[in-house]
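Welcome, and thanks for taking a look at this one.

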Amino acid sequence: MAPASHPHPPAEPPASKGAATPESAFIAPGHTFGSITDKISAIVLTRRTPVGWLLGFAIAFGLVMLFLMAVTWLLLKGTGIWGVNIPVGWGFAIINFVWWIGIGHAGTLISAILLLLHQHWRTSINRFAEAMTLFAVACAGLFPILHTGRPWLAYWLLPYPNSMGLWPQFRSPLIWDVFAVTTYATVSALFWFVGLVPDLATLRDRARSRVGRTIYGVLALGWRGSARHWARYESAYLLLAGLATPLVLSVHTVVSFDFAISVLPGWHTTIFPPYFVAGAIYSGFAMVLTLAIPIRAAYGLQDFITQRHLDNMAKVMLATGLIVAYGYAMEAFIAWYSGSFYERFMYWNRVTGPYWPVFWALIATNIVIPQLLWLKKVRLNVPVLFGIALVINTGMWLERFVIVVTSLHRDFLPSSWGMYYPTMWDWFTYVGTIGLFVAMLFLFIRFLPMISIFEMRTLLPESKVKDSAHA
Amino acid sequence: MNALDSVPELAGLRRVALWAAVSGVLATLAGALFDPTQFFRSYLMAWVYWGGVALGCLGLLMVYHLTGGGWGVAIRRLLEAAAGTLPAAAVLFVPLLFGLGALYAWTDRAAVLADHVLSQKAAYLNVPFFIARTALYFVVWLALAHFLDRWSRRQDETAEAWPGERMKRLSGGGLVVYGLAMTFAAFDWIMSLEPHWFSTIFGMIFIADSALGALAFVLVISYLLARGGAFGRVLAPPILNDLGNLLLAFVMVYAYVSFSQLLIIWSANLPEEITWYLHRVEGGWQLLANALAIFYFAVPFMVLLSRGNKRQPRRLALIAGGVLAARLLSVFFLIGPAFYRRGLGAHWLDVAALVGLGGVWVALFVWRLSSRPLLAQGDPELAPALARKH
């Protein structure tokens with residue numbers, strides 16, 4: 001496998017094979033090396049910034065301002081402005097942390113695991129899925145840090161020599177989280193940047209403005225596309241993929257330990273690690289679809305992100321969604337089977353207690369409605385698929401709400417029960433991070449190639465011919 | 001072409017299996033006369049070991065039909081043959097139904113009534129419901145195996161695409177009911193041996209264990225068959241590499257789910273949950289636990305990282321054989337401590353039942369395997385797998 005080791009792509013258009021139809025292909029017929037490069041780099045370099053981009057960015061930026069306002073008020077007044085209190089000490093902050101970090105997992109899965117599994121369809125979606133991972137992890141990381149109440153002391157979470165006699169409790173999964181999430185952010189950023197280097201060089205060579213040439217040139221790290229560069233690039237990229245693969249499992253496993261290591265009914269259950277990982281991938285793919293469908297429509301990228309991509313992603317959602325459903329079923333059954341009064345009460349309280357609408361909304365959005373994905377007709381209907389992706393995004397958020405709130409608000413002693421209601425500051429912070437996420441994504445789309453140019457070239461028949469000639 | 005004539009190794013395997021069956025069954029029957037209780041316990045372990053391989057093969061077969069891939073076309077016939085033994089395996093399960101009293105504490109009505117927790121579970125853990133559920137699991141598995149087998153035979157006869165399409169469609173929904181049946185079978189047959197104890201991940205542990213055993217078994221057999229011929233050509237290094245990676249993935253999944261359970265239960269240290277591990281880290285059982293961690297995870301994990309080991313048929317078969325042997329430890333770890341409460345121990349009947357049932361099962365497997373060509377001619381994945389240059 002030597003993708004795109006062609007410094008001089010042939011100029012003439014390829015003979016269209018005709019057999020490939022947009023519904024079964026991963027790239028529309030009739031493309032050449034040149035046309036792919038033109039089409040993707042033009043979004044960044046030559047096309048006018050669309051009005052829709054400006055409008056969308058303005059709205060997202062407004063939400064970022066809302067976020068900054070909410071955080072400022074939080075820093076002035078303290079976490080008392082949020083709805084958290086005893087017994088529900090983990091409110092929106094932890095719900096949103098888990099929700100965001102889960103979303104990131106699809107990016108890593110697409111870019112690392114599907115690469116190692118030779119799933120070439122990942123090519124057109126991996127770049128922005130990775131970007132999505134980075135931005136989602138950034139949003140996720142804000143919550144626990146803000147939740148500490150004194151975010152300027154967040155570095156106390158790290159084990160470093162100090163005169164305060166302060167040392168992290170290494171048996172606490174909250175400390176494992178610090179390591180898991182920082183590792184995840186680091187490796188994801190590296191992986192994303194390394195994957196960008198050849199394309200940054202393309203942009204450097206094609207940029208018409210001096211500023212653009214300079215910035216892309218610096219970021220391209222002197223890439224010239226020589227055979228030696230490609231060989232080193234290939235091994236570095238594979239190595240990073242290998243490093244990123246366990247992170248798909250480890251990060252959300254550690255997040256699940258945050259709950260499962262406790263003794264609280266509803267949190268302490270052994271199915272949590274695999275079921276959290278499946279849920280993370282489920283929500284991540286839902287978010288990829290939520291982003292990919294409007295983007296491909298807005299920028300006319302249906303040639304690259306084809307029906308078949310959407311179909312495959314829908315199938316992954318269906319499979320991981322079923323594992324999540326299996327997790328719910330095990331929780332419900334074992335809560336009864338355990339014969340433990342508190343386990344049984346916990347589940348009964350979820351189903352019929354004060355938060356029952358949230359629970360049933362969760363079942364509808366996360367389990368019932370996604371079953372429509374069994375039908376091929378639904379998977380190929382883009383607007384419906386977009387709707388289901390939004391529903392799953394909601395469902396996975398509700399899942400974390402049910403886990404965090406219903407388990408905490410009524411645990412053992414009725415005298416220490418209580419209710420949790422989010423305040424407007426909870427909502428502002430949450431909606432604000434959505435704005436932050438979208439704003440970063442808009443900047444990414446505008447200034448970097450959102451689809452990997454050089455990897456797309458390897459999908460063309462020409463590159464296949466070269467491949468088998470070398471093999 | 002009959003595979004038994006063309007592959008002398010298969011005939012040899014059958015000879016060994018039949019000898020094992022005769023001697024093992026005779027010894028087991030003799031033991032059963034003297035110590036029926038021990039017979040049922042040993043027989044349960046033997047069935048979980050060999051039946052788990054057959055069930056795991058059914059699951060892998062459905063995964064292959066759903067996803068396709070060169071790894072699957074190479075071992076497809078072996079998976080089908082193992083899944084084809086399930087009717088016989090169901091019959092071989094029947095003796096256990098006569099020994100429920102010897103196996104499961106919850107069958108003792110007086111003890112259940114005296115125990116608050118057990119009386120809470122009596123609606124689930126009772127003999128008639130247990131038998132009905134077990135029958136239901138087998139109905140699910142046998143139905144899946146039956147239709148996959150029928151359409152697979154049709155695929156051999158016709159060039160049309162519909163049998164493949166049907167197998168694919170059945171496998172999608174089939175895996176859902178298969179997973180549920182496996183899970184509750186694990187709860188009923190194994191978890192309820194220690195009826196107070198519960199763990200939501202236990203079904204996944206059993207599924208991962210069965211899949212790992214199945215893949216290891218299939219890899220060992222495919223090495224025996226791969227000496228030359230078209231079958232050997234399909235099992236070329238890239239395919240072996242994929243299969244080795246799959247084995248590595250299963251080794252990791254089993255370790256992942258097992259370790260998750262251990263860590264969560266150990267950390268919370270709740271009296272109703274910790275008993276299961278106390279039975280497994282005391283009285284010498286910790287030796288078995290350590291051996292399990294070493295031979296069922298650490299060693300196969302390390303050696304399967306190497307590309308060279310995966311691409312060499314002989315080495316991969318050796319590793320798979322090691323995993324298959326180590327699965328004895330895992331099945332014994334899951335079941336044994338429920339019976340040998342006074343410390344690490346085993347009975348000679350454990351070995352006899354394992355050999356006897358294994359002989360019978362492998363002989364059945366060889367019979368099913370030799371009834372059809374070793375390669376699925378109608379499988380659309382076969383031509384690319386044969387044409388691949390290395």
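## Confidence

The average pLDDT of chain A is 89, with 93% of the residues scoring at least 70. Residues 1-22 of chain A have a pLDDT below 50, and this stretch has 30 contacts in the model beyond near neighbours in sequence. Where pLDDT is low, the predicted coordinates should not be read in detail.

This is a predicted model, in which local features need pLDDT of at least 70 and side-chain atom pairs count only at pLDDT 80 or more, while totals for chains, interfaces and linings use all residues; side-chain values use heavy atoms, with hydrogens and water left out. Residues are numbered from 1 along each chain as its sequence is written, and chains are lettered from A, with ligands numbered from 1, in the order in which they are written.

## Chain A as a whole

Chain A has 16 helices and zero strands, taken as DSSP runs numbered from the N terminus (helices: H or I, at least four residues; strands: E, at least two). Its radius of gyration is 24 Å, close to the 23 Å of the globule rule for 471 residues, so chain A is as compact as a globular protein of that length. That radius is taken over C-alpha atoms, and the rule is 2.2 Å times the number of residues to the power 0.38.

Of the 471 residues in chain A, 56% are buried (under 20% relative accessible area, with exposed over 50% and partly exposed in between; 1.4 Å probe, protein chains only). Among contacts in chain A between residues at least 6 apart in sequence, 81% join residues at least 24 apart.

## The largest cavity

The count comes to seven cavities of 30 Å³ or more. A cavity is a set of points, on a 1 Å grid over the protein atoms alone, where a 1.4 Å probe fits but cannot get out; lining residues have an atom within 4 Å of a point. The largest cavity has a volume of about 130 Å³, the space filled by probe spheres set on the points. Of its 14 lining residues, the closest to the centre are His268(A), Thr269(A), Ile334(A), Glu343(A) and Thr200(B).

## Ala32(B)

Ala32(B) sits in helix 2 (residues 8-34) of chain B. With a relative accessible area of 19%, Ala32(B) is buried. Leaving aside neighbours within four places in sequence, Ala32(B) is in contact with Phe39(B) and Leu349(B).

Note on methods: On a 1 Å grid over the protein atoms alone, a cavity is a set of points where a 1.4 Å probe fits but cannot get out, and a pocket is an open set with protein on both sides within 12 Å along at least five of seven lines; lining residues have an atom within 4 Å of a point. pLDDT is the predictor's confidence in each residue, from 0 to 100. Contact means heavy atoms within 4.5 Å.
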